[in-house]
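Hi,

Here is the model I promised to pass on. Have a look at it first, and then read my notes below.

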Amino acid sequence: MNTNTKSDSLSTRARAVALAAGRGFVLALVTLPGAVLCFTLSLVSIALVPIGIGVVTTPWVLTGVRAFADWRRVLAAQWCGVRIPSAYRPVPEGANPWTRTFGMLRDPATWRDLRWLLVDMTAGFASALLPAILVFYALEGFVVAAGLWRVMSDGGPYWYAFVPVDSQPTALAAAAVAAVYLVLGYRYTPALLVAHFRLTRAVLGANQGELAERVRVLTETRRDAVDTSAAELRRIERDLHDGAQARLVAMGMDLGTIEMLLDKDPAKARQLLAQARQSSVDALGELRDLVRGIHPPVLAERGLGDAVRALALRLPLATEVNVELGGRAEAPVESAAYFAVSEVLTNAVKHSGADRIWVDLHHVKEGAGMLRISVTDNGKGGAAVGAGSGLAGVERRLGTFDGVLAVSSPAGGPTMVTMEIPCELS
Amino acid sequence: MRVVLAEDLFLLRDGLVRLLEAHDFEIAAAVESGPELAQALAELEPDVAVVDVRLPPTHTDEGLQCALQARRDRPGLPVLVLSQHVEQLYARELLADGNGGVGYLLKDRVFDAEQFVDGVRRVAAGGTAMDPQVIQQLLSRRAADDRPLGRLTPREREVLELMAQGRSNAAIAGQLVVTERAIAKHTSNIFTKLDLEVSDDDNRRVLAVLAYLDQGR
């Protein structure tokens, strides 16, 4: 029983060793030509970017490199349970080759891939071959010792490792060395294959520091977003409760009284009717303002460009709006951008002392795309983020969308507030 | 007078139909979506269209776009646009062709049936019906840095507001409880102070005032 179990585990182990050796062999076979090919093509393609050809070829080549790297990630996970995180920036599908090329070249993961290819064709190749060699070389030793040496040592001794095999005793010595290899291989082959993938992970895996920083930023902006939306809901609840809701109650009461007075005192009833109608007008007015604060109707109807134009028409200052948007951003981005512009404009009107404002909205196709908004006024300057100016709030809101805000406002003016939100247009 | 009505909310559409019918309008069609409206405007040749800005299927400014397109196809086709909110941007687009026969009112204005119906009739006759809120927004923007407007007396400003909404001298006189001659005097003063060309034609007069208020924006 006992021996049975032992031989079972022995054969399981032997199978694992053979499998690891076979996989190492396959890996080594593919790794060297694959890595060399990918690396060379990438270098050539990137070198050809200045003369234009590279702009077309680079996305294809780099996509191939990524596929090659991803294949290795899959193998690492399937064969040895080594998980290698992948962190490529998304490449816009419909974008032109120029955008795709530069988007990919700006991605640190691309350069990490190329570094990995260099390591893969040298240390990676060796570390994949090692487990295979240990096992196959040991087997070869036994075959040599078993009699193959007679054929092989015709023109002089056949060197097996450091043993010159030319007679039966040396053949036995070779067998002994082979046995040592076999024991080593038996013990370490699977571990060696794991070591190969660990090496791959060290070079190919995304930097932990980068990821940690990203997680920190996301945690912070998510908390801000949750806080802001909770505060917004509270404000809406209060406005409805004290405003429209109260007016409807008053209206209902008036109508009840009117019903009672209709026969007794028609004149009084008529007066109350006018009052009830005024209540309904006021309630509608309040609801309208509330809706404008939640999601302005023009924004829903026309999108960001016209919503900002409509906003400018409401300002008491001459405002020039210039819009170059080829489509509409996603609704949450539009809304964030609208309220950011609204806040910055309110600030300018209140504090800058300007008599003219220029708003510029456009979409840049760099990388994954970016909405860029600038608000400039000819006021007295001196605006700063965090000086109780409301700009800090704008910065926080934009943060939820990975957007940024920059203020240039020297004393004496002019003030220019620039906001950027990464987004695509549809 | 034949009306095409477009409003997607059943209760409001029903209410408007009853209101207009009670005032001797003939409802040629009461539709609830943009495509239906476009078809009705093209086929039924109404005397006036009363249109909600926001209509299905897009629930954006489909109604407004239909109205603008219909006016491009048939210049001067009288259109009264209703909305839950007023935007100067939309008012400007409606007025842009300078043809008159345009109205833009908040839905709340329906509460005052007489004034609302008066607005519809005015638009149908080629006049203008602008919501008081639009005019107030225009005035408050101009008032800050506009010298000629600053020279108007409070009474003249009041008259200007009503005139910009599209009211005739008679209607303004009725509202302010003065004689029509007094109003005529006010309007001629206003036109002199704002340096506008005086015109006997009511519609031209309104459009000139609106253009003045919307200047350079």
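This is a predicted model: local features need pLDDT of at least 70, side-chain atom pairs count only at pLDDT 80 or more; totals for chains, interfaces and linings use all residues.

**What I found in chain B**

Asp195(B) sits in the loop between α10 and α11 (202-213) of chain B, and its phi is positive, near 60 degrees, even though the residue is not a glycine.

Val177(B) is another one to look at. Its phi is about 55 degrees, again positive in a non-glycine residue. You'll find Val177(B) in the loop between α9 (169-176) and α10 (180-193) of chain B. With 6 C-beta neighbours inside 10 Å, Val177(B) counts as exposed.

Then there is a peptide bond to check: Pro56(B) and Pro57(B) are joined in cis, with omega at about 5 degrees. Pro57(B) belongs to the loop between β3 (48-52) and α3 (62-73) of chain B.

Chain B has an open sheet of six strands, in the order β2-β1-β3-β4-β5-β6, and the pairing is parallel. At the edges are β2 (26-31) and β6 (128-130) of chain B, each of which pairs on one side only. From one strand to the next, the twist averages 20 degrees.

Going through some of the pairs:

- β1(B) and β2(B) are parallel and share five bridges; Val4(B) stands opposite Ala29(B) of β2(B).
- β1(B) and β3(B) are also parallel, with four bridges; Val3(B) has Val48(B) in β3(B) as its bridge partner.
- β3(B) runs parallel to β4 (residues 79-83) of chain B, and four bridges join them; here Asp52(B) is partnered by Leu82(B).

How much of β1(B) is covered? Four of its five residues are buried, so the strand is mostly covered.

Finally, the helices on the sheet. Helix α1 (residues 10-22) of chain B lies across β1 (2-6), β2 and β3 of that chain, at about 170 degrees to β2(B). Helix α2 (residues 34-44) of chain B also packs on the sheet and touches β1, β2 and β3 of chain B, its direction making about 150 degrees with that of β2(B).

Cheers

Technical notes
Residues are numbered from 1 along each chain as its sequence is written. Chains are lettered from A and ligands numbered from 1 in the order in which they are written. Helices (H or I, at least four residues) and strands (E, at least two) are DSSP runs, numbered from the N terminus. A residue is buried if 20 or more other C-beta atoms lie within 10 Å of its own, exposed if 12 or fewer, and partly exposed in between; C-beta atoms are placed from the backbone. Two strands pair if DSSP finds at least two bridges between them. Axes are lines fitted to C-alpha atoms, for helices over the stretch in contact, and angles run from 0 to 180 degrees between N-to-C directions. Two residues are in contact if their C-beta atoms, placed from the backbone, lie within 7 Å.
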